[in-house]
Amino acid sequence: CPVVLAPKNSSIAMPPPADIVKVAIEWPGAFPKLMEIDQKKPLSSIIKEVCDGWSLANHDQFALQHADSSNFYITEKNRNEIKNGAILRLTTSPAQNAQQLHERIQSSSMDAKLEALKDLANYSRDVTFAQEFINLDGISLLTQMVESGTERYQKLQKIMKPCFGDMLSFTLTAFVELMDHGIVSWDTFSVAFIKKIASYVNKFASDISILQRSLAILESMVLNSHDLYQKVAQEITIGQLIPHLQGTDQEIQTYTIAVINALFLKAPDDKRQEMANILAQKQLRSIILTHVIRAQRAINNEMAHQLYVLQVLTFNLLEDRMMTKMDPQDQAQRDIIFELRRIAFDAESEPNNSSGSIEKRKSMYTRDYKKLGFINHVNPAMDFTQTPPGMLALDNMLYFAKHHQDAYIRIVLENSSREDKHECPFGRSSIELTKMLCEILKVGELPSETCNDFHPMFFTHDRSFEEFFCICIQLLNKTWKEMRATSEDFNKARKRVMQVVKEQIMRALTTKPSSLDQFKSKLQNLSYTEILKIRQSERMNQEDFQSRPILELKEKIQPEILELIKQQRLNRLVEGTCFRKLNSRRRQDKFWYCRLSPNHKVLHYGDLEESPQGEVPHDSLQEKLPVADIKAVVTGKDCPHMKEKGALKQNKEVLELAFSILYDSSGQLNFIAPDKHEYCVWTDGLNALLGKDMLSDLTRNDLDTLLSMEIKLRLLDLENIQIPDAPPPIPKEPSNYDFVYDCN
């Protein structure tokens with residue numbers, strides 16, 4: 001269209017009202033129409049005006065949609081997303097479009113049917129269209145097509161196999177997109193449909209699109225319906241899924257592990273160990289290690305999440321033993337303690353055949369149990385009645401004694417022979433260490449919806465937790481000696497040593513070692529001395545900064561530091577953040593972006609098709625929220641989207657990342673931060689905009705760090721310099737002033 005320039009002497013035009021949006025509207029066979037949309041007018045009136053411009057009757061059969069790749073319909077709910085310069089398209093209404101597609105996909109012409117299914121797969125992403133198509137019982141039509149597909153198109157498969165594959169792919173894609181809106185319950189599907197989808201996992205293994213959608217449907221069925229879980233578990237076996245992990249397509253591998261995780265997660269308690277045994281027989285761990293973790297390609301976030309979920313579910317199998325108390329009357333359990341004693345002290349004869357009186361044998365056992373480091377020397381079984389760690393601690397001790405016998409004997413004999421009260425009691429230490437390892441690995445907790453923190457080293461061994469314990473018990477013994485802890489007051493010593501050991505383990509884990517041997521090497525470089533150096537470098541010595549002048553200096557500096565932190569938070573809000581819209585099927589998540597305007601007056605936000613690379617410009621974000629309209633910022637359980645029923649409500653980690661902006665009477669903007677750091681940045685920044693205090697842990701840490709640095713800088717010139725009580729003497733006058741420069 002031609003550009004009209006204003007005369008030089010004309011006054012500068014005022015910006016258009018906020019409710020007026022300038023757009024271009026397309027209609028097939030006609031030139032685009034430029035017009036201004038008044039957002040205060042009903043959408044039906046605007047559509048009528050557009051139709052009248054092209055002399056189109058029955059305006060109620062038309063609708064507007066975005067002319068971009070999304071093709072989303074414009075409704076009263078989303079019309080505010082229209083921005084200046086947008087290109088729209090006049091098209092048939094969602095109801096009429098749904099009716100036409102419903103008829104077209106039942107066409108007797110294969111070409112027409114294929115084209116209709118392709119259009120349906122595209123339109124089904126739009127919730128407005130999806131609702132209309134579902135109202136026509138469209139889901140049932142698609143399931144019937146899937147159920148009868150093989151028989152009906154048997155000849156077609158032989159003659160036009162590619163065409164059949166495309167047709168099935170578009171059908172499954174449309175089904176997945178329609179179900180993803182959460183309008184229809186998953187409980188309504190038949191066994192025949194499930195069997196057909198399960199059969200596609202093998203039958204169309206070479207067709208990536210069909211295989212991908214079949215796996216996605218199976219995962220959603222298992223996660224969303226207990227009844228469907230049982231039916232899917234009967235139709236799909238681990239053996240059928242394993243081959244898909246040995247391919248080269250990471251997306252198929254991700255979907256495959258997601259199905260395995262779903263079956264694992266929803267399995268009844270009495271079936272989980274059985275499933276774990278099947279996974280072990282099928283060598284799932286080694287296959288994942290070879291074809292996924294050690295493959296020559298980077299692991300994307302979704303694959304990392306699925307590996308993390310599998311790691312958590314595997315460790316959760318330990319929960320039963322962790323929460324089982326030892327029965328002092330159970331002979332089999334007592335035999336484990338006898339075995340620990342036998343391996344440590346090389347008792348050649350069994351108790352029943354031992355020479356000497358019963359009293360003598362009891363005395364010998366009591367002495368040995370004391371050397372083993374148990375609290376109850378007479379009946380060590382009583383040491384394992386606390387849960388956690390329950391029987392899991394005894395399992396770890398026996399594994400260590402059998403599989404690392406030399407190290408076990410060395411630790412026990414080394415500590416039992418010491419007379420200086422500095423021995424590290426093996427039994428008590430093992431119980432405490434097992435409890436701590438369960439806390440570190442969060443044994444018994446459900447996997448997070450957002451976490452992708454998996455550790456490659458746990459996929460390198462079939463008994464990774466036990467091996468993890470064996471490495472850490474040797475670390476504990478070494479650290480105990482380095483700290484010269486005493487067993488006279490075990491509780492005090494335990495607390496100090498365990499704090500250091502936990503720090504050593506956590507620091508080593510953060511480096512993501514690729515193997516258990518590498519983890520062991522990392523720990524060797526984190527001795528107690530090294531931990532002390534790290535601590536000293538990370539925090540200031542509080543004792544040196546508690547004098548009254550220093551505290552007064554802190555009070556004087558603190559407002560400046562808080563203002564600096566506030567500006568940093570606001571600058572981060574100006575840069576913006578990409579947030580994830582979570583739903584029941586995580587891989588289909590949508591993204592949206594929010595950022596603060598440079599003048600701190602308006603929040604700009606809008607949906608994105610994919611995670612952005614870098615910042616998103618303000619003008620590409622459709623929605624605006626004036627900061628002045630914000631009434632409150634709420635977090636956690638107080639958020640509206642955390643009060644709704646659903647899986648997110650039950651997830652502790654997601655709950656800790658949730659916050660909402662409340663505006664107007666019922667308006668709300670709901671967030672789930674990508675991580676704890678972004679959560680703190682945004683809640684701090686929003687509170688700062690509202691004139692409230694920044695109370696996050698991040699602010700406290702930043703304040704401590706910056707205060708420490710500023711105080712040290714201000715005191716730098718006085719460090720290690722003794723100030724005399726009397727002032728220094730005034731020096732003598734120089735013999736001449738020739739060194740003075742005459743400015744004149």
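Buried denotes a relative accessible area under 20%, exposed over 50%, and partly exposed in between (1.4 Å probe, protein chains only). The close-up views below show a predicted model, in which local features need pLDDT of at least 70, side-chain atom pairs count only at pLDDT 80 or more, and totals for chains, interfaces and linings use all residues. Residues are numbered from 1 along each chain as its sequence is written, and side-chain values use heavy atoms, with hydrogens and water left out.

**View A. Salt bridge between D684 and R569**. The closest N and O atoms of the two residues are 3.1 Å apart; a salt bridge is a side-chain nitrogen of Lys or Arg within 4 Å of a carboxyl oxygen of Asp or Glu. D684 belongs to helix α31 (residues 676-689) and R569 to helix α27 (residues 548-575), so the contact ties together parts 115 residues apart in sequence. Helices are DSSP runs (H or I, at least four residues), numbered from the N terminus. D684 and R569 are both buried.

**View B. Salt bridge between R104 and D119**. The side chains meet at 3.0 Å, N to O. This pair links distant parts of the chain, with R104 in helix α2 (residues 94-104) and D119 in helix α3 (residues 110-123), 15 residues apart. R104 is partly exposed at 33% relative accessible area, and D119 is partly exposed at 23%.

**View C. Salt bridge between E466 and R463**. The N to O distance is 3.1 Å. E466 is buried, with a relative accessible area of 12%, whereas R463 is partly exposed at 38%.

**View D. Network of salt bridges**. R341, R367 and D368 are linked in this network. The structure as a whole holds 23 salt bridges.

Definitions and conventions: Helix = DSSP H or I, 4+ residues; strand = E, 2+ residues; numbered from the N terminus.
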